[in-house]
There are 4 protein chains.
Amino acid sequence: MSDTDKTKAAPKAGGRGARFQVAMDDAAAALNASVDFDRRLLRDDVRGSQAHARMLAAVGLISTDDAKQIVAGLEQVAGEFERGERHMDPALEDVHMNVENRLIEIIGDPGRRLHTARSRNDQVATDLRLYAISASAAIVVAIDKARVVLCRRAREHAATLLPGYTHLQRAQAITLGHHLLAYAEMLSRDRGRFLDAARRASECPLGSGALAATSLPIDRQKTCDDLGFGAPTRNSLDAVSDRDFAAEFMFCATLVGVHLSKLAEQIVLFTSAEFGFFELSDAFSTGSSLMPQKKNPDVFELTRAKAGTLLGSLTGLLATLKGLPSSYDKDLQEDKAPVFAAADTLLLMLPVLSGALQTITPRPERMRAAIDSFMLATDLADYLVNKGIPFRETHALAGKAVRLALDNGLGLDGLSLQQYKSLHPAFEADVYTVLDPLESVKRRKALGGTAPSAVQSQIQQAKSKLSGE
Amino acid sequence: MSDTDKTKAAPKAGGRGARFQVAMDDAAAALNASVDFDRRLLRDDVRGSQAHARMLAAVGLISTDDAKQIVAGLEQVAGEFERGERHMDPALEDVHMNVENRLIEIIGDPGRRLHTARSRNDQVATDLRLYAISASAAIVVAIDKARVVLCRRAREHAATLLPGYTHLQRAQAITLGHHLLAYAEMLSRDRGRFLDAARRASECPLGSGALAATSLPIDRQKTCDDLGFGAPTRNSLDAVSDRDFAAEFMFCATLVGVHLSKLAEQIVLFTSAEFGFFELSDAFSTGSSLMPQKKNPDVFELTRAKAGTLLGSLTGLLATLKGLPSSYDKDLQEDKAPVFAAADTLLLMLPVLSGALQTITPRPERMRAAIDSFMLATDLADYLVNKGIPFRETHALAGKAVRLALDNGLGLDGLSLQQYKSLHPAFEADVYTVLDPLESVKRRKALGGTAPSAVQSQIQQAKSKLSGE
Amino acid sequence: MSDTDKTKAAPKAGGRGARFQVAMDDAAAALNASVDFDRRLLRDDVRGSQAHARMLAAVGLISTDDAKQIVAGLEQVAGEFERGERHMDPALEDVHMNVENRLIEIIGDPGRRLHTARSRNDQVATDLRLYAISASAAIVVAIDKARVVLCRRAREHAATLLPGYTHLQRAQAITLGHHLLAYAEMLSRDRGRFLDAARRASECPLGSGALAATSLPIDRQKTCDDLGFGAPTRNSLDAVSDRDFAAEFMFCATLVGVHLSKLAEQIVLFTSAEFGFFELSDAFSTGSSLMPQKKNPDVFELTRAKAGTLLGSLTGLLATLKGLPSSYDKDLQEDKAPVFAAADTLLLMLPVLSGALQTITPRPERMRAAIDSFMLATDLADYLVNKGIPFRETHALAGKAVRLALDNGLGLDGLSLQQYKSLHPAFEADVYTVLDPLESVKRRKALGGTAPSAVQSQIQQAKSKLSGE
Amino acid sequence: MSDTDKTKAAPKAGGRGARFQVAMDDAAAALNASVDFDRRLLRDDVRGSQAHARMLAAVGLISTDDAKQIVAGLEQVAGEFERGERHMDPALEDVHMNVENRLIEIIGDPGRRLHTARSRNDQVATDLRLYAISASAAIVVAIDKARVVLCRRAREHAATLLPGYTHLQRAQAITLGHHLLAYAEMLSRDRGRFLDAARRASECPLGSGALAATSLPIDRQKTCDDLGFGAPTRNSLDAVSDRDFAAEFMFCATLVGVHLSKLAEQIVLFTSAEFGFFELSDAFSTGSSLMPQKKNPDVFELTRAKAGTLLGSLTGLLATLKGLPSSYDKDLQEDKAPVFAAADTLLLMLPVLSGALQTITPRPERMRAAIDSFMLATDLADYLVNKGIPFRETHALAGKAVRLALDNGLGLDGLSLQQYKSLHPAFEADVYTVLDPLESVKRRKALGGTAPSAVQSQIQQAKSKLSGE
């Protein structure tokens with residue numbers, strides 16, 4: 001039974017017992033101890049234990065007075081550790097034993113009743129779920145703040161022209177607002193994924209014991225409700241070893257990382273001298289005393305790299321889980337560090353990127369200058385479609401127009417009407433109205449399109465989702 | 001514009017145009033062609049094109065008669081390829097050009113109107129979403145069949161004793177039914193994840209064009225409804241490059257792989273001579289003409305390995321996505337092979353494992369024999385808790401009882417009442433009723449517990465979810 | 001014994017034996033069969049078997065005549081399969097049984113002696129090593145061809161100016177030749193890694209049997225020498241399950257992928273309209289009939305994506321290996337597909353990239369125009385270092401010069417000597433000789449530097465390694 | 001120029017300069033700072049700087065007296081930080097600025113000359129290579145210690161019988177010594193890989209500057225020799241961004257992790273009650289006060305999990321590198337943490353596992369009892385091969401003997417000679433000498449075989465390599 005095993009490294013709590021003649025090897029003990037990272041579960045552990053104590057009292061396994069002492073004592077323990085008045089002892093191996101041990105020091109016998117009908121295995125599973133659920137909520141808030149910034153900047157630039165790229169080649173004119181909203185869309189999906197994952201994580205394993213639940217008459221629904229979980233888990237064996245919620249958390253985090261990396265890659269490009277579309281704020285770039293005009297996009301480069309690290313952590317966790325048969329194995333101790341690191345990373349990166357986006361300065365004239373008339377070739381083809389010519393034919397005709405212009409050193413807007421008519425009689429004087437970039441984007445006003453009006457609709461829709469979701 | 005670029009390798013469809021004096025390098029063309037794998041999108045491509053044609057007619061961009069010819073022509077094209085009457089031509093690069101080209105051969109001019117207001121970029125994004133949604137549905141069916149088998153076997157063995165393990169060390173007595181249901185729980189979460197992912201994937205990119213939507217007056221809601229999507233995508237730039245749905249599909253598949261790998265690892269253990277808890281059916285094992293008594297669990301070993309491969313494919317896709325700024329890049333062509341492979345793997349593995357589980361023969365006597373009285377030490381501690389002694393104390397007393405029994409070469413049930421009383425006066429004659437494994441599991445009847453009654457409840461709950469979800 | 005187990009699916013070869021009353025489930029058989037991919041080992045399998053037969057004859061386990069018939073018969077079998085005269089039968093599960101079975105059909109009894117003192121486990125390990133070693137050699141050749149192209153282009157552009165970037169911000173002037181040689185360096189390391197890996201792979205497992213070697217008096221050194229391996233493996237248990245060589249092959253391939261991805265990323269950037277430093281050949285780009293002036297860098301984008309796929313395959317293989325205890329497990333069957341795919345990918349990508357690099361057209365005027373005088377600020381600092389001023393001070397002075405120039409709307413070369421002297425009296429008229437980009441790169445002639453002379457030395461060194469390594 | 005950029009966060013060293021009106025955002029600064037982890041490079045940084053200073057003096061760029069002051073000052077700085085007398089200041093961003101800043105505080109002007117002809121980019125590349133080379137050497141020592149332990153235990157158990165498994169099914173009798181040496185082989189390859197990687201890493205980037213080397217007359221060979229590198233790097237652009245050595249270090253570490261995970265998996269199996277082949281020492285297991293007879297293999301379970309984490313870190317680093325074009329990007333800052341963590345993990349795990357293996361107690365009687373006569377069926381087939389019967393026939397005959405024995409409830413050694421002769425007349429009385437497990441393993445004395453004599457040879461060979469390599 002894994003639970004009780006954990007007490008072995010805790011001499012004050014009973015320790016390895018009379019049987020172990022040899023002390024644990026120092027290096028092995030160091031490998032084994034988890035308090036260096038699981039101390040972050042302190043508050044979740046205390047919350048879980050308080051709910052457990054209240055339940056034990058409610059079903060009569062401990063007295064109401066014991067429960068009160070335990071709840072108050074745990075509060076004191078948490079405070080002592082948080083305020084740095086006491087430090088966790090690696091010899092007690094993990095946060096759970098540190099808390100329980102200190103509780104017993106403070107309140108005595110009632111503290112010895114806390115672990116009734118519970119195991120370290122269901123306890124830590126409960127703690128980590130509480131952590132993941134809280135972290136997901138915090139990340140969703142940070143995501144929403146980033147979405148607000150993207151929408152705000154998109155509104156400002158709903159009609160600002162920008163060359164749109166495919167294959168990093170200039171393709172069609174779009175608006176900067178439209179471009180920014182693409183990232184808001186990605187983050188919106190991330191939000192949904194975190195909410196789904198948190199909902200699925202919201203099952204309470206407490207009461208599952210070491211693996212087989214308990215023979216004592218506990219009330220799992222009560223602790224579940226007390227801790228705000230959606231439901232108790234349905235199978236104790238699965239409950240103590242299920243780390244799907246951790247893997248799903250890591251996947252959601254990785255996909256946020258991928259999206260932020262894409263955004264970062266874009267901004268690194270756009271702030272290069274060659275593109276010159278964006279200028280970073282001093283507060284979000286690093287400079288040089290040698291070349292004071294330079295601003296390096298370090299935070300965006302680091303964002304790309306952190307996405308790689310998140311991906312690696314997801315991979316590592318899945319590789320570990322893959323090998324385990326069922327029930328609790330100590331391998332699961334390695335689940336915590338990546339979850340903590342992923343939460344820290346996102347809660348650091350998202351605000352930094354929000355701040356950077358909020359303070360970035362677009363240069364509309366540079367963006368406009370990068371749009372040439374050939375980017376309107378599709379518009380030319382569509383112009384002819386509207387005259388009733390089959391698309392594949394209009395497509396070829398537009399290509400011929402581009403070729404004709406190039407051969408004459410002109411833009412598409414430089415060709416004479418006669419030249420256009422030489423390609424096809426359907427061309428008329430109104431063709432020139434097609435060849436204006438701003439008119440081009442304005443026409444693309446279908447749902448999801450790049451037109452300023454479509455951008456405003458998208459912002460409206462995103463805002464309603466921000467408040468109402 | 002990436003869409004039209006794709007026509008370059010299609011001489012019949014217009015090709016690389018007059019400008020390209022040099023033919024594409026053969027190896028480069030081979031690297032570029034995708035028809036070897038994207039041919040699997042044939043049906044989805046035809047469905048998407050038929051819906052597109054109906055919409056074009058509805059908004060007046062093509063005639064109703066053109067639409068009819070296109071819809072019927074596409075049906076013929078699909079049939080020809082499916083029946084092997086025609087083969088796809090790599091020179092036409094991808095499934096889309098092969099289909100459109102053949103359509104034009106059959107119906108002529110109306111076929112040239114099909115690609116109106118569409119791009120290869122929104123077309124392939126639509127196709128792959130259709131595929132992923134269908135594949136998810138098929139996988140959910142296969143998951144449910146596996147869950148049914150697990151529930152059926154669990155019902156048969158609701159009261160069959162099995163040693164429960166932590167750290168692969170015998171820990172507490174459980175029931176085989178309870179053990180099997182742990183895997184049903186994992187698959188139940190997988191089901192939910194696939195449903196969530198499919199819902200999120202259910203947005204229709206058709207009409208997003210190459211990246212900036214179109215200036216033609218299309219009706220995106222109509223194609224969306226026609227194809228059964230939940231909603232049109234909201235931002236065309238995001239829509240042509242979003243592969244979150246593919247990544248999420250791969251993640252869901254990988255987690256199924258992890259769960260099946262865990263199950264497989266368990267069965268490899270349980271079918272070893274040392275455990276000897278399960279015997280495989282001949283139909284799901286491989287044997288040896290040399291040692292005819294042997295049965296190798298090959299399908300379970302391969303299941304573990306396929307989980308590794310799935311994990312690798314997820315990783316690879318995410319690493320590729322991470323590097324792209326936004327909008328369509330050709331890198332995205334590499335998204336298809338892993339999605340197809342993942343679907344194939346799961347739709348092969350899940351039925352094989354269902355079959356293997358259905359035909360596996362448990363050996364109750366071997367499982368019962370592996371349970372010794374020491375696995376009831378927790379029950380002993382709980383017995384004393386019921387007498388009012390603090391848990392940490394009962395825990396220590398149970399340990400002393402184990403030690404006393406070991407020192408006397410006895411089991412816990414071999415100690416005399418006097419010996420028990422020497423440890424603590426609270427021990428009474430009823431202690432022996434605690435020390436029966438079947439009684440032990442029967443007592444663990446709390447929600448999620450291992451008791452036969454709890455197992456039956458879990459099956460009932462799972463069944464209601466199977467039909468009702 | 002896994003070896004003999006494999007015969008079960010081969011009715012002609014003895015099959016599953018009398019004991020298996022139930023035929024193997026069809027889906028399970030499909031999961032189990034490997035002939036679809038391991039057929040690629042045909043030649044390696046035949047080579048291994050021929051060497052084995054010669055050894056058996058040499059030690060007297062079979063007659064010389066038997067060995068001759070086997071060697072000739074295997075040649076015939078290989079030819080039949082290669083010429084498509086016969087097709088491999090999935091019912092015989094793998095390439096090994098297909099070959100042996102057909103051999104017995106052709107030559108009868110001597111064929112039945114071939115598998116003496118051998119197992120499928122050592123046989124397949126030998127085959128895959130032979131494959132990996134050959135593939136490594138082919139990849140090294142392809143790498144060297146790419147290095148030759150890089151050196152050739154570097155020589156042409158040893159003195160062509162190019163802005164050098166850090167953080168994708170213009171930093172210092174360099175030469176294009178220097179830039180290209182950076183990639184040659186990466187490939188040179190890849191070469192070394194593949195050679196090291198091939199050397200380590202060059203141990204012959206043949207004779208290791210199923211796991212415990214054999215009691216028959218074989219001569220492992222003879223087969224080892226015959227097949228050109230460096231040494232026989234030293235432990236039979238390790239030999240049948242060791243796939244380090246496959247993992248190392250995958251890692252080397254992944255790192256090549258990473259390097260080619262970096263190169264591809266650079267070229268995608270440099271061929272964008274904004275940079276405009278390179279123009280792709282028509283033979284290695286895709287165009288558009290709509291916008292005939294456009295050239296998309298598809299092959300480079302696919303290169304980036306293939307690097308992601310390679311990384312995923314490496315990850316998947318390692319995740320699979322991680323879970324296995326020792327000796328042969330069927331999971332190892334999943335080792336082949338990624339190795340084959342990695343070899344195919346590199347042997348396709350390397351020549352395509354070599355061709356693309358060979359035919360790319362640099363635009364020196366665009367590159368030169370992107371260099372401004374501020375990129376010479378370091379040279380200014382070094383100028384003052386040469387006058388004896390501490391570096392940290394010269395660094396600050398150069399920064400002040402940049403600031404002064406910017407404030408006056410000038411370049412560094414636009415400041416008057418008086419202005420320079422106002423910053424520090426050490427400035428003299430020779431400061432202007434420092435501010436020429438070509439002079440700047442010429443001065444950086446230290447080992448590994450960007451000076452044309454240093455570039456020529458690097459090419460010389462690389463060439464000597466190409467021929468002499 | 002990235003180098004000088006780094007000074008911006010260092011107000012004492014000149015800072016962000018007059019131009020940056022806005023202080024860096026706090027969160028962005030936190031994301032940017034690396035001193036929390038790169039402080040581990042302190043000693044390597046000081047070594048590198050000392051060599052650099054000596055070289056600067058040798059070529060006359062600074063005075064000999066300056067160099068002396070710098071070398072001594074750096075020693076003092078290192079000591080202050082190591083003894084905890086001073087703490088690194090995150091406002092100075094990284095270890096390099098902390099060291100240089102403190103040096104200037106102590107020795108003044110000569111300290112301001114240290115960074116002459118150097119950049120942060122070549123400096124950190126040098127530091128990390130020095131670290132990786134030292135860490136590799138330390139890991140090789142730890143690997144060798146583990147190999148010594150494996151050889152020692154293998155010698156003790158060169159003749160101890162153990163069932164050998166394939167598919168986790170009992171296959172053939174082997175010796176425990178042979179089994180242990182399989183892991184020694186894996187570690188021996190790991191050793192070779194680390195040595196190859198360290199050799200390839202042994203190129204000195206110092207002098208490569210920010211990306212383009214320097215115009216000052218430095219002597220790169222001198223610093224290279226001073227620091228013990230094999231050669232200077234050959235291309236400055238590559239040198240500042242090359243992290244192949246880090247990736248290769250991570251791969252080597254991951255493969256060690258995979259091997260240790262395999263060993264751990266084996267020991268977890270062998271210490272289970274069902275196998276019962278090994279008993280762990282108290283010093284390397286965790287126990288339970290409740291069930292004092294239990295010993296949990298925590299250190300082996302954690303070993304498996306750490307292998308997953310290592311794999312993830314490798315993946316993450318490669319995913320990050322894949323996206324970068326060339327030259328220095330800030331993403332590379334994320335290279336350090338995984339390298340440090342991998343070194344720490346291996347240098348913790350290897351000694352723990354060595355200790356655990358040294359103190360593990362095999363149970364020969366349990367291992368012997370798990371060998372039944374059917375595991376000798378191959379020996380029976382080989383017996384007949386020695387009588388001249390074709391292998392495929394002997395194979396079938398051995399299978400029939402097994403069947404006959406099973407049908408009669410006997411072992412292979414229980415069949416009468418008459419029964420054997422009924423299968424084939426070639427059977428004679430000497431068949432019984434074949435059916436002894438110890439005789440069976442003794443016969444497998446070919447190179448790499450499981451025979452006690454072969455095991456002794458393998459140990460001899462391994463030992464000579466340990467001392468001589």
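**Note on chain symmetry, domains and helix packing**

1. Chain C superposes on chain A, with an RMSD of 0.1 Å, by a rotation of 180° and 0.0 Å of shift along its axis. The two copies are thus related as by a two-fold rotation axis. Superposition here is by least squares on the C-alpha atoms of residues with pLDDT of at least 70 in both copies. Of the interface residues of chain C, 100% are also interface residues in chain A, so these copies meet through the same surface. Contact means heavy atoms within 4.5 Å.

2. On provenance: this is a predicted model, in which local features need pLDDT of at least 70 and side-chain atom pairs count only at pLDDT 80 or more, while totals for chains, interfaces and linings use all residues. Residues are numbered from 1 along each chain as its sequence is written, chains are lettered from A and ligands numbered from 1 in the order in which they are written, and side-chain values use heavy atoms, with hydrogens and water left out.

3. Chain A is divided into domain 1 (27–112), domain 2 (120–369) and domain 3 (373–435). These bounds come from an automatic or database domain assignment. Between domain 2 and domain 3 of chain A, the C-alpha centres lie 46 Å apart.

4. In chain A, helix 4 (residues 42–58) packs on helix 5 (residues 64–82) at an angle of about 175°, with the axes 8 Å apart. That makes helix 4 of chain A roughly antiparallel to helix 5 of chain A (angles under 35 degrees count as roughly parallel, over 145 as roughly antiparallel, 65 to 115 as roughly perpendicular and the rest as oblique). Axes are lines fitted to C-alpha atoms, for helices over the stretch in contact, and angles run from 0 to 180 degrees between N-to-C directions. Helices are DSSP runs (H or I, at least four residues), numbered from the N terminus. The contact includes Val46(A) and Ala53(A) of helix 4 and Ile70(A) and Leu74(A) of helix 5. Its residues divide into 10 nonpolar, 4 polar and 4 charged (Ala, Val, Leu, Ile, Met, Phe, Trp, Tyr, Cys and Pro count as nonpolar, Asp, Glu, Lys and Arg as charged, and the others, Gly among them, as polar).

5. In chain B, helix 8 (residues 120–156) and helix 12 (residues 244–270) pack at about 20°, axes 10 Å apart. They are therefore roughly parallel to each other. Among the residues of helix 8 that meet helix 12 are Leu128(B) and Ile139(B); helix 12 contributes Phe245(B), Phe249(B) and Val256(B). This contact divides into 9 nonpolar, 1 polar and 1 charged.

6. In chain C, the axes of helix 16 (residues 377–385) and helix 17 (residues 391–407) come within 8 Å and cross at roughly 135°. The two helices are therefore oblique to each other. Their contact residues include Leu380(C) and Asp382(C) of helix 16, and Phe391(C) and His395(C) of helix 17. The division is 10 nonpolar, 2 polar and 1 charged.
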